[in-house]
Amino acid sequence: MKQRKQDILNGSKSNCRNYSINTPIKPINNILPSVNWHITKKCNFDCKYCFAGFKDVKGMLPKEIALEIPRQLKDLGVEKLNFAGGEPMLYPHLMEVLKEAKSCGLTVSMVSNGSLLDPDNISEISCYLDWIGLSLDSCNEDIQNKLGRGPQNHVSNTVKKAQLIKEHEIGLKINTVVTKLNLNEDMRPLIRSINPERWKVFQVMKREGENHNSAEPLLITQDEFERYKERNDMVLENGSTPKFESNELMKKSYLMLDPLGRFFHSANGPIEYIPTDPTDLASSIKKVPFDHEAFEERGGRYDWERNEFTMGNADEKSSKLMTEESI
Ligand code: SF4
């Protein structure tokens with residue numbers, strides 16, 4: 001156990017310093033600096049608006065190929081890799097891939113429904129993750145339940161998991177999807193009490209072939225989204241403001257990989273996959289449409305290295321784990 005923790009510290013912290021501080025970033029192909037990798041389609045929730053079910057995708061990448069992806073993205077000029085799903089914690093080799101991503105100098109984040117995070121796994125995960133985004137749409141357990149976000153305790157569970165994340169000094173982000181059911185809410189008191197570093201708010205989106213039936217009754221208009229935005233605008237404790245993403249803004253402002261390591265986009269509506277060899281991402285990246293302006297407009301670039309915290313945290317995490325082992 002002691003050796004394993006020491007290996008984690010040696011592996012993540014030292015390599016992270018080498019890359020993020022000493023290695024200049026040289027973007028290749030002018031690609032977006034941030035990638036969302038939907039590493040698995042498996043999920044233990046059943047959100048009605050979910051468009052990440054990847055219904056036509058069979059299986060997932062074997063560990064050996066998955067481990068090559070972070071390094072390739074780094075070489076292409078990517079700076080930040082976000083693991084999404086499905087629920088990324090259901091990917092069986094997640095820890096190894098996170099470790100690889102951190103070791104090659106990427107800023108690493110994960111969007112999770114939070115249900116599988118616990119005090120045991122978060123200690124290890126905190127060595128590799130700079131950010132965790134938790135999904136929380138409503139203050140009301142009934143509404144969350146009707147939206148399909150797990151059992152009747154998603155709100156209270158998210159509050160607890162957010163606390164756990166902050167205790168481990170991982171950046172905390174909250175992701176909210178606005179639908180017909182939560183449209184009239186004022187989330188600000190709950191968000192203030194959770195006190196995340198970032199709050200992202202999305203207009204529910206319909207994707208043909210994915211969620212077109214289940215999402216249809218939940219869709220809202222652009223005007224309705226604007227009214228939600230006016231009601232929920234705020235300044236978070238760290239001075240940041242919520243990032244509101246309409247359907248239009250989302251369409252071309254993400255660079256995404258599916259569970260099989262293929263680039264995909266939905267710029268024209270339904271998901272389109274770019275033929276991609278996951279061991280040779282450089283060959284297919286040029287065919288992916290993305291819009292730098294939309295990326296900047298949605299606040300895609302921010303202080304994701306958390307410069308004012310990272311170095312102190314790394315040292316503190318290290319000494320914390322060493323102390324735990326000593327007593
Ligand atoms: S938690 Fe996320 S991946 Fe799972 S069903 Fe809900 S939206 Fe989809």
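A residue is called buried if 20 or more other C-beta atoms lie within 10 Å of its own, exposed if 12 or fewer do, and partly exposed in between, with C-beta atoms placed from the backbone. By this criterion Gly171, Lys173, Asn175 and Val177, which point one way from strand E5, and Leu172, Ile174, Thr176 and Val178, which point the other way, are all buried. The structure is a predicted model, in which local features need pLDDT of at least 70 and side-chain atom pairs count only at pLDDT 80 or more, while totals for chains, interfaces and linings use all residues. Residues are numbered from 1 along each chain as its sequence is written.

**Overall architecture**

- The protein has 14 helices and 10 strands; helices (H or I, at least four residues) and strands (E, at least two) are DSSP runs, numbered from the N terminus.
- Of the 327 residues in the protein, 40% are buried.
- Among contacts with a separation of 6 or more, 76% are between residues 24 or more positions apart; two residues are in contact if their C-beta atoms, placed from the backbone, lie within 7 Å.

**The sheet**

- An open sheet is formed by 10 strands in the order E7-E6-E5-E4-E3-E2-E1-E8-E9-E10, with mixed pairing; two strands pair if DSSP finds at least two bridges between them.
- Its edge strands, each pairing on one side only, are E7 (243-245) and E10 (272-273).
- Strand E6 (residues 198-203) pairs with E7 in the parallel sense over three bridges, and Val201 stands opposite Phe244 in E7.
- E5 and E6 run parallel and are joined by six bridges, with Thr176 opposite Val201 in E6.
- On the other pairing of E5, five bridges link E4 and E5 in the parallel sense, and Leu134 has Ile174 in E5 as its bridge partner.
- E5 is mostly covered, eight of its eight residues being buried.
- In a regular strand the side chains alternate between the two faces of the sheet.

- Helix H4 (residues 94-103) is mostly covered, with eight of its 10 residues buried: Leu94, Val97, Leu98, Lys99, Glu100, Ala101, Lys102 and Ser103.
- Just after H4, Gly105 adopts a positive phi of about 95 degrees.

**Nonpolar core**

- The largest nonpolar core has 67 residues, of which Trp37, Leu81, Leu98, Leu129 and Ile132 touch the most other members; such a core is a set of buried Ala, Val, Leu, Ile, Met, Phe, Trp, Tyr and Cys residues joined through C-beta atoms within 7 Å.
- Leaving aside residues up to four places away in sequence, Ile132 touches Ser109, Met110, Ser112, Ile165, Ile170 and Leu172.

**Ligand surroundings**

- Cys43, Phe45, Asp46, Cys47, Cys50, Ala52, Gly85, Gly86, Glu87, Asn113 and Ser135 surround the ligand; a residue is near a molecule or strand if its C-beta atom, placed from the backbone, lies within 6 Å of it.
- This shell divides into five nonpolar, four polar and two charged residues, where Ala, Val, Leu, Ile, Met, Phe, Trp, Tyr, Cys and Pro count as nonpolar, Asp, Glu, Lys and Arg as charged, and the others, Gly among them, as polar.
- A cis peptide bond, with omega about 10 degrees, joins Gly85 and Gly86.
- Gly86 is located in the loop between strand E2 (80-84) and H4.

**Asn36 in strand E1**

- Asn36 belongs to strand E1 (residues 34-38) and counts as partly exposed because 18 other C-beta atoms lie within 10 Å.
- Although Asn36 and Leu255 are 219 residues apart along the chain, their C-alpha atoms are separated by 6.2 Å.
- Residues up to four places away in sequence excluded, Asn36 touches Asn82, Ala84, Tyr254 and Met256.

- Most residues other than glycine have a negative phi, and most peptide bonds are trans.
- Glu169, in the loop between H7 and E5, has a positive phi near 60 degrees; with 18 other C-beta atoms within 10 Å, Glu169 is partly exposed.
- Asn195, in the loop between helix H8 (188-194) and E6, has a positive phi of about 55 degrees; Asn195 is partly exposed, as it has 14 C-beta neighbours inside 10 Å.
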